[in-house]
Amino acid sequence: MLLSSLQNSEIKRLQKLLKKSKTRRESNRFVIEGEREILRAIEAGYTIESFFKIKGAILDKKTEATIHQTHANQYVVTSLLWDRIAMRSGTEKLVALAVQKKHDLKSLSLSSNSLIMVVEAAEKPGNIGAILRTAAALKLDAVLLANAKTDLYNPNLIRSSLGGLFFTPIGLATSEEILKFLRKQKVNIITAALNENAQHSPLFRYELPCALVMGSEDKGVSQLWIENTDHIVEIPMSKNIDSLNLSVSAGILMYDALKQNGRLKDSL
């Protein structure tokens with residue numbers, strides 16, 4: 001079916017889902033842009049309701065076959081409308097409307113060898129997306145977003161994760177709920193913070209199961225985690241710089257913990 005009007009209900013729906021977190025939350029739907037991300041979402045078991053392709057686009061044969069197998073609605077969109085529903089209108093030629101998954105803590109499956117990343121009150125979708133990208137690359141057992149300040153299905157988050165969002169087990173809850181969950185699972189809690197009791201991450205011995213706790217970009221972790229952590233670590237750096245980007249810091253801690261426990265080879 002060809003869509004050519006801004007007044008089309010499907011186009012209006014996509015526009016709202018792209019711009020408004022409330023619409024995504026209430027409808028339990030979200031938008032995925034790009035062949036790579038869409039194929040990864042399908043591979044990870046996400047339900048796709050509709051596909052939107054720019055008029056005249058030629059898709060990869062694998063993509064075409066996968067689209068056909070989903071039995072989802074397919075629409076062709078004029079180039080004029082494409083700019084209204086695609087954030088990367090100059091490079092991508094496929095958009096999908098998908099159903100969100102639930103991300104409660106009880107659905108997570110942990111083991112005695114688990115490594116978990118906890119991110120508290122992070123605000124920037126790009127940072128969370130980059131953390132999920134690294135977590136997926138390293139096959140982390142879970143990423144828990146505590147007191148999340150941004151929508152998990154924000155288009156910028158999905159884009160920066162390069163589809164890592166779809167392959168990483170994710171839990172959404174308050175810091176108190178996550179702390180209680182980790183204690184019940186007997187997980188060692190290691191918090192990253194600038195603190196006089198902090199140990200250098202490369203020298204610290206990470207014992208699995210382990211949760212690495214990071215705070216927001218500007219405030220760091222809350223006092224709740226400082227008071228209830230098992231250990232505090234920091235990343236050594238030059239005195240000329242007082243902090244690293246949140247996603248970079250998280251990546252360093254993930255690599256340190258996995259390397260020490262011989263799990264990097266499991267990520268290849």
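Mentor: What follows is a set of questions about the labels given to this predicted model.

Trainee: Why is Lys16 called partly exposed?

Mentor: Lys16, which lies in helix H1, has a relative accessible area of 48%; because partly exposed covers the range between under 20% for buried and over 50% for exposed, Lys16 is partly exposed.

Trainee: What makes the positive patch on the surface, and which helix gives the largest share of it?

Mentor: Lys12, Lys16, Lys19, Lys20 and Arg84 gather there as a surface patch of positive charge, and helix H1, spanning residues 9–19, supplies the largest share with three residues.

Trainee: How do you know that Ile241 is partly exposed, and where is it placed?

Mentor: Ile241 sits in the loop between strand S12 (231–234) and helix H11 (246–260), and its relative accessibility is 47%. Buried would need under 20% and exposed over 50%, so Ile241 counts as partly exposed. Together with Met237, Leu244 and Val248, Ile241 forms a nonpolar surface patch of about 310 Å² of accessible area.

Trainee: Why are S8 and S10 called edge strands?

Mentor: The open sheet has seven strands in the order S8-S7-S6-S11-S9-S12-S10, with parallel pairing, and strand S8 (170–173) and strand S10 (199–200) each pair on one side only, as edge strands.

Trainee: How do you know that S6 and S11 pair?

Mentor: Pairing needs at least two bridges between two strands, and strand S6 (residues 115–120) and strand S11 (residues 210–214) have five, in the parallel sense; Leu115, for example, has Cys210 in S11 as its bridge partner.

Note on methods. Residues are numbered from 1 along each chain as its sequence is written. This is a predicted model: local features need pLDDT of at least 70, side-chain atom pairs count only at pLDDT 80 or more; totals for chains, interfaces and linings use all residues. Side-chain values use heavy atoms; hydrogens and water are left out. Patches are made of residues with over 30% relative accessible area and no salt bridge: like charges are joined within 9 Å, nonpolar side chains (Val, Leu, Ile, Met, Phe, Trp, Tyr) within 5 Å. Accessible areas come from the Shrake-Rupley method with a 1.4 Å probe; for residues, only the protein chains shown count as cover. A salt bridge is a side-chain nitrogen of Lys or Arg within 4 Å of a carboxyl oxygen of Asp or Glu. Lys and Arg count as positive and Asp and Glu as negative; His and the chain ends are not counted. The place of a charge is taken as NZ of Lys, CZ of Arg, CG of Asp or CD of Glu. Helices (H or I, at least four residues) and strands (E, at least two) are DSSP runs, numbered from the N terminus. Buried means under 20% relative accessible area, exposed over 50%, partly exposed in between (1.4 Å probe, protein chains only).
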